[in-house]
Each structure stands twice: as structure tokens, then as C-alpha cells.
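Work through the exercises below with the structure in view, and try each task before reading its solution.

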Amino acid sequence: MRDVRLPLPAILPYATGSIGMGVWVSVPGILLLYFLTDVLAVPPAVAGLALLLPNLADVLLHPWVGRLSDTDRAGAGHRRRLMLAGCGVALAFVAVFTVPPGLHGTAAAVWVAVALAAGNLLYAGYQVPYLATSADLGIGYHERTRLMGFRNTVITVGVLLSGVLAPLLTGGAPDAGDYARMAAILGAVMLLAMLAGILGVGRLARAAPAPPPAPGGRGGLLAAWQDRHFRALTASYLTMAVTMNLVLAGLPYFAGYELGRPDLTPALVAVFMAPAVLTTPLWVLAARRFGKQRCLLAAQAAFVAGALVLATGGRVGLTVPVAAMVVLGVAFAAMQLMPLSMVPDVIAAAGPDGAARAGSYTGLWTAAEATGGATGPYLYAACLALGGFVASTAVGQAVQSPVALTAVRLGFTLLPAALMTAAILLQRRYTLDSPPE
């Protein structure tokens, strides 16, 4: 069974489902902090809390959803019912950017926070069983990497397209109405993609069925967290998630205030994401040749180097920052692919009980991802607040002090470099990796 090769008619719709997930993660990650501070006049400290608190709730929600997903599979034989309910995240996405006219400041932040909290719960209902799929299949070490390679290529294309289109759809001088229109268009794309993902999950399960797990497994969430390999991998991934979400949140600020070109935000997203799309298949081959752990550590080191070069900012022209963003994009591809294909390796190594609690593993994993999604923008918002960054509306941009501009640059470069260094130290504790065949 471990030699099963998954058919493309099953892989492609499964991978398509990640487009909707990519929109939910990338568009708020890139635009929401900027939307709050520079369109709705929310002070950076308040804006950071509006993003932090709803996402921190996911630390509790995702493990619970994971356990619910395991129970659903044990009873119904699959996890697709929970995924169908999770498709409602498309409506929450629209609500996040459709702020009622006249709401500014703290009132607008409350609206966004409530919509974001609802969306996070629905997103967990889709994401957790979706990612548990690779552990539910009767496939081996390299086929898991192949499946995640397709998935990561598609989600990166989704992040690339939505990350470029969203700033374009909001216009050169955006107001709240522009953001609402953008959300309606991308929300429809989300829904269609996520429905395709449900179709793909069903096809994969039929193509490579695994033996049914023992009902409930033993230990649930506690046993999953006590797995030392999983704990080391999750700690490193959490740090990477914080770093990457910080970078996404800082992109519009770096383009507008450091490079003096707010219109460059879509281009920077493309420069970051396009190399990730192009190099994901190469990382799949590299993992087969050198192993996942070595590839991941190399990518993390490359990210640190690129972030340090990026710290030179706009004073050296555009060529150097663009080249550094390309390096970050190449590293990003591996930092998405390798950990996600290593989680089912950990579950498989745990034996039959691991398969029974695959949802618990992925629930804890996605909780770490959600924590990174909350903490990254918050850390960048904290940098802005410490630097004295002044919030404004789209029709009345404030003048920023030299200290605030320094905070924009260093928060986008040196802080991510330091965080990724910590991720390297944590990743080195992971020792479960099959030698290349």
C-alpha cells in the first residue's frame, strides 16, 4: 500500500481546495493591518490587538476541531461533513472587509475582530480535516511529499494571484468601498475552490484507502503533544509562521514608506510568491535526494541571509531589495512544503494510534499556524507603535517621523531574521526523517 501512486484526477481538485485557504490567509495577512491603520484610522496598538485576539482563540479552537474531526471520521468514515460547514468562511471573509459606513477607529476594529473570529472558526472546520487527509491515506514517505508538493504549488499560486489582485482591486487610493468590492470577488473564488477540495478529498480516499483506525485512538491531544518529534517540528513551524505572517503584514508598509512606492505592493507580492511557485517542484526533487530535514534547514538559513540583505532598504535602489525578496520566496516554498509533508511522517511513525488521532495532530498543528497568523502582524504592529507610527485615513495620510520609518524597515527585516534563527535552533531538535532512497 505504501507504493500507491496517487492519480492526478484526485490530486488536482484536492490541491485546488487550498486556493480558498490561501485567499483567507494571504489577503488579510497582507492588507488587513494596513486597512485598519491607513484606511479606518485605527491606532497601530489597537489594530494589532484586533488581529491578535481573534486569532489567539484558535489556539483552543483548532485542537477541539481536530478532535471533532477524528470523531467524525470514526463515525462516518470520512471528514468531509466538517469541511462543508467550513466553506462558510467565504462569507466571513466578505464581512471582514465590509465595514459599515461611518465606522472608524476602535469601533471599526471591533467589527473586524468579530468577523475575523467567526471566520477563524469556520476556517478551522475546513483546514483541519483537509490537512489530515495526507495522514488518512495509504501512501509512503515520498508520495506524501509529492502530494504536498502539488498542494503547495497550487496554494502558492493562489496566494500569488490573490496577493497581487487584492491590492489592484482596492485601487490606487482605496476607500472602504473598494475593499468590500474586492472581498466579494475573492470570496466567490474561495467558495468554488473549497468545494473542489472536498471533491478531491473523496477521490483521494478512494484511490489510496488506509485501514480504518481504532476508534478514538489513545490519548488524543495529550498523546499528540507528547510526541517529541511532533513537538519539535511544531515549535519550529510556529516560529516560521510568526515570521512569514509578520513579513506579509509589513509588505505594504515597506513598499509605501521605505521604498516610497505604495503601488509596488502587488509587485513585491509577485516577486515573493512567483519564485515559490517555480521552485516547489525543485524542492520536491531535493527532498527525495537529500531528505526533508536538510532541505528545510537550508531554506531557513537562506531566509535569514535574505532578510539581512533586505535590511539595507531603499537606499541601495530597487535591485537589491527585489533580489532579496526572490531569495525569501525560494525559501518560503520549502518552509511550506517540508513541514507539511513531515507531519504525516510523524503520524505514521506513531503507528495505528497515530492514525486514529490524525485530526488531533493536525488540530494542534493548525493551532500553531493560527498563532503565527496572529502573532506576526501583532509584532509588526508593536514595532510601528514603538516607533510612533501615526494612523490615518485613505484621504488624509499622516507624515511619519524618522523613528517611525526606521521601525517600518527594521520590523520588516531584522526582526524576521532573528525569529528565523530561532526556528533553525528548534528545527535541529527534530530527528525523525527517513534517509533518501
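A cavity is, on a 1 Å grid over the protein atoms alone, a set of points where a 1.4 Å probe fits but cannot get out, and its lining residues have an atom within 4 Å of a point. Grid points are joined across faces, edges and corners, and a volume is the space filled by probe spheres set on the points. This is a predicted model, in which totals for chains, interfaces and linings use all residues. Residues are numbered from 1 along each chain as its sequence is written.

**Exercise 1.** How much space lies in the largest cavity, and which residues are closest to its centre?

Solution. First, the search of the whole structure finds three cavities of 30 Å³ or more. Next, the largest cavity holds about 600 Å³ of space, and among its 37 lining residues Val 25, Ser 26, Asn 245, Glu 369 and Gly 373 are the closest to the centre.

**Exercise 2.** Which helix gives the largest share of this lining?

Solution. The elements that give two or more residues include H1 (8–38), H10 (228–258) and H15 (358–386), and the largest share, eight residues, comes from H1.

How values were computed. This is a predicted model: local features need pLDDT of at least 70, side-chain atom pairs count only at pLDDT 80 or more; totals for chains, interfaces and linings use all residues. Side-chain values use heavy atoms; hydrogens and water are left out. On a 1 Å grid over the protein atoms alone, a cavity is a set of points where a 1.4 Å probe fits but cannot get out, and a pocket is an open set with protein on both sides within 12 Å along at least five of seven lines; lining residues have an atom within 4 Å of a point. Helices (H or I, at least four residues) and strands (E, at least two) are DSSP runs, numbered from the N terminus.
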